[in-house]
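Colleague: Could you walk me through this one? I would like to go over a helix, a pocket and a sheet.

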Amino acid sequence: MLELANISYHIGDKPLLKDISLKIQPGEVVAIVGANGAGKTTMMKILCGALKPQTGSASLDGKNVSQIDPDRLARRRAVLPQHSTLSFAFSSLEVVMMGRTPHRTTASEDLEIAFQAMEAAGVDHLASQSYITLSGGEQQRVHLARVLAQIWSPSEEGDRYLFLDEPTASLDLSHQHHVLRIARQVAKGGVGVLAVLHDLNLASQHADRIVVMRKGRLTAEGTPDEVMTPDIINDAFDINVMVTRHPAAACPLVVALPEEAMIDHDSIPIASASSTSQLRSPISIKIPVTPEEEAVIKEITES
Amino acid sequence: MASSIASLSSYLRSKSSVREDQQDRVAEVTAVKRKNVLKIGGLFWILLLVVMFASGAGAVQIPAIQVVSILLSKLGLPPIAEYTTQHELVLIGIRLPRVVLGVIAGMGLSISGALMQGLFRNPLADPALIGVSSGASLGASIMIVVGSLLPGFIASSIGIFSIALSAFTVGLLVTLIVYRIATHGAQTSVATMLLAGIALNALCGAGTGALVLFADDTQLRDLTFWSLGSLGSATWHTLAIVTPFTLIALFFSPRLARSLNAMLLGEAEARHLGVDTERIKKFVIFLSALAVGSVTAVTGLIGFVGLVVPHLIRLTLGPDHRILLPGSALLGAILMVGADLLARILIQPSEIPIGILTAFGGAPFFLWLLLRGYSRANLQG
């Protein structure tokens with residue numbers, strides 16, 4: 001288990017994190033959401049052992065993260081950065097193979113794992129292409145393959161963890177969901193996944209738990225249904241939202257309201273929202289219909 | 001927990017079943033790797049040939065077969081052809097130390113260049129960035145200009161090595177200062193090191209310039225020639241000074257290769273991959289300073305080799321440090337011995353300073369690389 005206990009961190013007088021406690025179990029997908037500067041990345045760095053908190057501790061299976069041998073830690077925990085700068089013409093495969101750095105496996109084993117990881121990330125067709133000629137989204141997925149290769153097989157040293165710092169930042173819609181579906185697959189294999197996400201709907205659709213941060217504090221934590229409420233989101237992001245149900249998935253759906261529509265979330269039912277003059281329908285939903293249903297609908301609308 | 005690999009691969013299989021295809025690709029990649037290793041072997045043989053040829057060429061021509069024979073008999077083996085004592089004296093006393101110094105200098109400068117470019121994550125980095133070259137230059141200038149003022153007994157006890165010794169010491173000292181400035185607590189900032197290096201390079205340059213003011217005509221000539229580089233000072237004694245330091249760099253740097261690859265992703269990413277980045281940085285600086293400091297102390301400033309050679313290897317064999325480091329060392333040696341050969345024979349009986357040749361050859365070539373790189377990048381869009 002990965003645990004943050006009463007973490008506080010400040011640079012000079014500026015507090016970045018205040019009294020944060022969080023646990024991540026193997027097998028679950030935890031999303032961290034929060035406004036820019038809320039401390040998400042700082043918290044991630046502390047979890048990685050890259051920063052040492054002034055008070056509190058980050059521990060892995062009860063052992064302080066900063067005291068674990070970096071090589072050993074790297075075999076159990078992979079980190080996908082927000083963006084990486086690599087200006088040397090490695091092939092994509094070579095970049096993915098870097099994920100095997102902490103392992104003492106044979107080159108052919110490493111290669112096999114690298115190819116599998118590339119396939120999982122949907123970049124196997126780019127294997128021999130030079131990394132620097134790839135698009136931003138492709139590069140990001142190559143790095144995803146790299147971190148997957150890093151923790152591909154179970155470690156005898158303990159459970160594995162995967163940290164994703166805004167993994168979907170440069171990805172198109174289908175790849176955003178693809179990445180989080182991979183995260184789910186990885187979690188099913190017993191890996192604890194922690195992802196910093198900006199898109200609340202991605203978080204609510206794919207995470208088991210959502211952690212909300214605001215100004216260095218953890219303001220809410222729970223299942224998507226518990227956390228994705230207008231009040232919590234308004235408090236964290238200073239924005240008026242409406243929370244409905246996702247039409248196809250069993251999770252809440254968050255929709256931002258136009259700035260001028262100052263409405264009380266609780267008193268306005270969704271149906272009447274469109275009747276307030278300034279509030280346009282914020283989203284159009286296409287529900288797949290069967291031919292029989294279509295006939296029925298036609299009948300109703302015509303009569 | 002053990003189900004992870006199963007679940008991930010079942011996920012894969014549902015997508016597409018390409019296991020056999022994958023084995024083909026593994027074989028393909030392994031073949032490419034093997035080819036690169038063969039190319040490194042090829043470079044080694046080319047180096048041997050160049051060394052043989054360069055040892056024979058010069059004012060006194062020694063045919064290759066005699067060169068081999070003399071070397072064989074020195075190793076206590078039966079020679080394969082007759083040779084004269086004159087040939088033996090020229091080869092062993094003059095040519096060979098010079099060619100070997102070329103090999104060592106080329107290897108030391110090139111491998112340091114490759115290490116520096118890895119450390120700074122910038123293909124334009126040069127060993128000079130950490131101040132070792134300009135420091136060595138300052139050290140040499142000090143000894144050339146004010147060395148004659150030293151009490152006679154000191155001057156004679158360190159004798160002809162006084163310039164090299166002073167250059168080496170000051171070179172390492174400047175690097176140490178750059179390193180100390182960039183290091184806070186346990187962390188070294190590569191960006192600060194770059195800036196501190198620039199500042200100290202300027203300072204050393206000013207110091208060298210100031211010494212020129214006090215120099216007489218002979219000293220000025222010495223200063224100028226030192227700054228253009230030459231392998232002319234090669235003797236078995238100077239080799240004994242340079243070789244150990246460069247060998248240390250050659251021996252230890254391949255061990256940093258995999259970590260340096262990871263560091264190209266960024267320091268934080270390398271740490272996430274389990275690389276002890278602080279230790280790697282320390283090693284890289286230490287090894288490069290030793291190699292470049294000792295080589296420069298004996299040869300003077302030889303530019304462009306450390307910058308261009310790793311580029312050539314990257315273009316042909318790729319940026320993987322496991323290939324790049326040995327490849328750069330070998331190609332650097334080949335080019336250095338070749339350049340020195342030209343330096344010796346082009347305007348016989350006089351000599352061209354080798355720094356002029358490496359810059360004349362290296363700079364246009366580098367420009368060509370840049371232009372070619374642009375048109376290529378444009379093609380790829």
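Colleague: Which residues of H7(B) are buried?

Modeller: This is a predicted model, where local features need pLDDT of at least 70 and side-chain atom pairs count only at pLDDT 80 or more. Residues are numbered from 1 along each chain as its sequence is written. Among the buried residues of H7(B) are B:Ser162, B:Ala164, B:Phe168, B:Val174, B:Tyr179 and B:Ala182, where buried means under 20% relative accessible area with a 1.4 Å probe, protein chains only.

Colleague: And how many residues does that helix have?

Modeller: Helix H7 of chain B, residues 162-182, has 21 residues and reaches 30 Å from its first C-alpha to its last, close to the 30 Å expected at 1.5 Å a residue; helices are DSSP runs of H or I with at least four residues, and strands are E runs of at least two.

Colleague: Switching topic, which residues are closest to the centre of the second largest pocket?

Modeller: That pocket holds about 930 Å³ of space, and of its 31 lining residues the closest to the centre are A:Gly49, A:Ala50, A:Leu51, B:Gln187 and B:Arg271. Lining residues have an atom within 4 Å of a point on a 1 Å grid, a pocket being an open set where a 1.4 Å probe fits, with protein on both sides within 12 Å along at least five of seven lines.

Colleague: What about the sheet in chain A, in which order do the strands run?

Modeller: The 4 strands form an open, antiparallel sheet in the order S2-S1-S4-S5, pairing being counted when DSSP finds at least two bridges. S1 and S4 of chain A pair over 5 bridges, and A:Glu3 has A:Ser59 in S4(A) as its bridge partner.

Conventions: Chains are lettered from A and ligands numbered from 1 in the order in which they are written. Side-chain values use heavy atoms; hydrogens and water are left out. Grid points are joined across faces, edges and corners, and a volume is the space filled by probe spheres set on the points. The expected span of a helix is 1.5 Å times one less than its number of residues. Buried means under 20% relative accessible area, exposed over 50%, partly exposed in between (1.4 Å probe, protein chains only).
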